[in-house]
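Here are my notes for you, written as a few numbered points. Have the structure open while you read and look for each piece as we go.

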Amino acid sequence: MQNKSTLAEIENRFDHDVRRFSNLETGQLTTLDSSFNMELMAQGIAKYYPQLSSVLDIGCGAGNYDVKLLQYTSPMHMTLSDLSMPMLLKAQERVEALNTAGTTKIVKGDFRDLSVGEETFDVIMATAVLHHLRDDADWETSFSNFYRWLKPGGSIWIFDLVKQATPSLQQLIYDDRYGRYLTSLKDEKYRDEVFAYIEKEDSPRPLMYQLDLLRHVGFKEVDILHKNLCFASYVAFK
Ligand SMILES: C[S@@+](CC[C@H](N)C(=O)[O-])C[C@H]1O[C@@H](n2cnc3c(N)ncnc32)[C@H](O)[C@@H]1O
């Protein structure tokens, strides 16, 4: 894919954006229903796994989803992974404060290079990060790895920017409707800045592409939690 941000550029941008990803009340304002999705995912995980013991958060940022999860679950083994060290340190500080009787491990690097044993985790969370995957092989290898890293009965929980498969609907939902939302946050200049960095940095895929691929790599049950315009949360069980 041409002209997209490199990993080093993505790391550098997030190194300087820790504060924006540390607000538990609002979550990330440029994403729709951010705090609602955080609650829904945390409650969903806690409900499905009364005895949750191990979680991996890929692209954890400053740990918002982990902090939210710990409001609904007991302490556990948590592995937090991110490209950005400042993000990881912030996430570690926030998670350790709550996960006092559990363990908290941080791993710096590209999640595609993570060295994780088979059947290690009950739950993997990947929020606002998979849109950095680029080609088909990248997506398929990543989803296959998630499947391998999960215990039987384990699950991957995703929240992300998604694309419509139909170009005219993409224009309506993304350019028009999401554009209007961004303008309402500030002004048209801000909307154009957000659109420009998404164009440079992200390569989102349609929701249906991802749900089909999750089934293709072996997940038994795949379910949608929520979708509002170009943002969706979904889950797949091994
Ligand atoms: C938009 S933030 C989302 C943070 C957090 N998951 C949340 O929802 O609040 C994306 C995070 O993913 C990280 N990231 C991006 N590409 C990554 C990769 N290939 N491997 C690991 N982390 C990555 C960035 O450094 C950043 O902290």
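Predicted model: local features only at pLDDT ≥ 70, side-chain atom pairs only at ≥ 80, totals over all residues.

1. Let's start with one residue. Gln-28 sits in the loop that links α1 (7–15) to α2 (34–48). Leaving out residues up to four places away in sequence, Gln-28 touches Arg-20, Phe-21, Ser-34 and Ala-128.

2. Is Gln-28 buried or exposed? Its relative accessible area is 16%. Buried means under 20%, so Gln-28 counts as buried.

3. Now the sheet. Seven strands make up an open sheet, and the order to trace is β3-β2-β1-β4-β5-β7-β6. The pairing is mixed.

4. Which strands stand at the edges? They are β3 (103–108) and β6 (221–228). Each has a single partner strand, so one side of each has no neighbour in the sheet. On average, neighbouring strands of this sheet are turned by 15 degrees against each other, direction ignored.

5. Have a look at one pair up close. β2 (residues 77–82) runs parallel to β3, and six bridges join the two. Within this pairing, Met-78 is opposite Thr-104 in β3.

6. Finally, the helices on the sheet. α2 packs there and touches β4 (121–127), β5 (150–161), β6 and β7 (231–237). The direction of α2 makes about 170 degrees with that of β5. Helix α5 (residues 136–149) packs on the sheet too, touching β1 (54–58), β4 and β5. For α5, the angle with the direction of β5 is about 140 degrees.

Definitions and conventions: Residues numbered from 1 in each chain as written. Heavy atoms only, no water. Helix = DSSP H or I, 4+ residues; strand = E, 2+ residues; numbered from the N terminus. Buried < 20%, exposed > 50% of the residue type's maximum accessible area, 1.4 Å probe, protein only. Contact = heavy atoms within 4.5 Å. Pairing = 2+ DSSP bridges. Axes fitted to C-alpha atoms, helices over the stretch in contact; angles between N-to-C directions.
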